Structure formats: structure tokens, C-alpha cells
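Hi,

Here is the structure I promised to pass on. Have a look at it first, and my notes follow below.

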Amino acid sequence: MEFAETIATLEGDASFGAYVARPAGSPKAAIIVIQEIFGVNAGIRDKCDRLASDGYLAVAPDLFFRFEPGIELDPDVEAQMQEAFGYFGKFDFVQAVKDLEATIHWVRREQGVAKVGCVGYCAGGRLAYLMATRTDIDASVGYYGVMIDQMLNESHAIANPLMLHIPTADGFVGPDAQKAMHEGLDPHPKVTLHDYEGLDHGFATQFGKRRNEEGAQLADKRTTEFFAAHLD
């Protein structure tokens, strides 16, 4: 897809597209929506639109721009799911955090919005955790973040509120990883973990077969209340 907005990288040597949804009036805060491995697809854009209707400036940067700009995939189509896994293999999470930090700078400096949160899904859920450990983001939410259990040594750096949604039947985050996340993060005063019994990865997607309506509504309600408490 073509993006109406572009954001300069931290290094200033390139720029990347972003889908931006703006509220009717002045934004009460900004929320960066961090994509899954399927690009800034219709579901991610819809999440931005809903946040904008709640009064936030919502920004979804194209984090795959370095190798496949503008890609948008449907996880319910097997060939596109496999294509997404291929992109995941190329994806540099360290660089992605820098691109997300550049997005924070763009929001604060060019859009004039001081408070910035983020919400991420799948690979974006992992990035939401890393945003909490590596940047000064004001509040972070991660849905079914992958490989967080391998980065718990960074948890001491979490200075602002973080909430993680964990489906207990996640095919990509097994019981041992979930146990490690609870043991490593439950004692942290800034971190809240919510388990969703029997639900699988992708349960809060906006569209498609993976969505569990009851679980998605509960998780999204908690996210809405979390951002209201920490960003508004």
C-alpha cells in the first residue's frame, strides 16, 4: 500500500511510510500500533482508526520497509502466512526498535504530542516489550508477544507501565515460556500480565479466523483502560 506519511530514520539516511489515523480534535496522546508479521494490513489500520475515534493520534509504521515496503498479508491465506514467516526470518528487532524510537521522535517533535504509548501484536508484542525496556515510551501493551522469555534480563530497565496479554494455548509461546514470563515479570511493579485460558495466538486480531470475540473484547477493554490511566 501507499502511505500518506513518511518518517525519517534515527540515522537520517532513509525514511519509511506510516499509516496515521487522526482524531477529530486535538489528540489526548499518541499510540504507535506495532504490526504483526503481516505488514500494515487492514486489521492494523482498523485498530488505528478505532484508537483515533477514542481521541488518540494513532501511527502504524511500516517496519518491513527495509526489505518489502508496503506489504500487507492475510494470515488466513496459507501462501501469505508462509510469505510472512519468510519476512520474519529477515526481520531485525534491534533495528525495528530504533525505527519505533524514530516514530516517537516524529510524534513528539513534528506532531506536537508529548505522551506516546504503543500496542503491538505477535512480533509487535515482542517489540512492545522491548520498547518498555529500551526507550522512554510512556506506556506499552503487548499481545501474544513472541520470545519475550528470552529477553527477561532486560526487565530491570522497565521504567513505565507495561501490560502483556498471554493466551495460554499459544502455539508460538509454549507453557515453559509463559511460566518464565510470569516468574520474571510478575514481581515487577510496573508490569501487569493477563492470561487468557485456552486461547491461541492471534485471538485479538480484528478480522479473520484467528479472532476469539469474547477474548478480544476483554483484552481490548483492559488495553483501553490501561491507556486511559497512563496516557490521558
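A word on terms before the residues: buried means under 20% relative accessible area, exposed means over 50%, and partly exposed is anything in between, with a 1.4 Å probe and protein chains only. This is a predicted model, so to speak of local features we need pLDDT of at least 70, and side-chain atom pairs count only at pLDDT 80 or more, while totals for chains, interfaces and linings use all residues. Residues are numbered from 1 along each chain as its sequence is written, and side-chain values use heavy atoms, with hydrogens and water left out.

With that cut-off, D232 counts as partly exposed because its relative accessibility is 47%. You'll find D232 in the segment after α6 (213-230); helices here are DSSP runs of H or I with at least four residues, numbered from the N terminus. Beyond its neighbours within four places in sequence, D232 is in contact (heavy atoms within 4.5 Å) with K28, Y56 and F227. Y56 is 176 residues away from D232 along the chain, yet their C-alpha atoms are separated by 9.2 Å.

F227 leads us inside. Not counting residues up to four places away in sequence, F227 touches I31, Y56, G117, C118, V119, A139, V141 and D232.

On the α3 side the contact is made by F93, V94, A96, V97, L100, E101 and I104, and on the α4 side by A123, R126, L127, L130, M131 and R134.

Last one: K98 also lies in α3, and counts as partly exposed because its relative accessibility is 35%. Leaving out residues up to four places away in sequence, K98 touches L10 and E11. The C-alpha atoms of K98 and R134, 36 residues apart along the chain, are separated by 9.4 Å.

Cheers

How values were computed: Helices (H or I, at least four residues) and strands (E, at least two) are DSSP runs, numbered from the N terminus.
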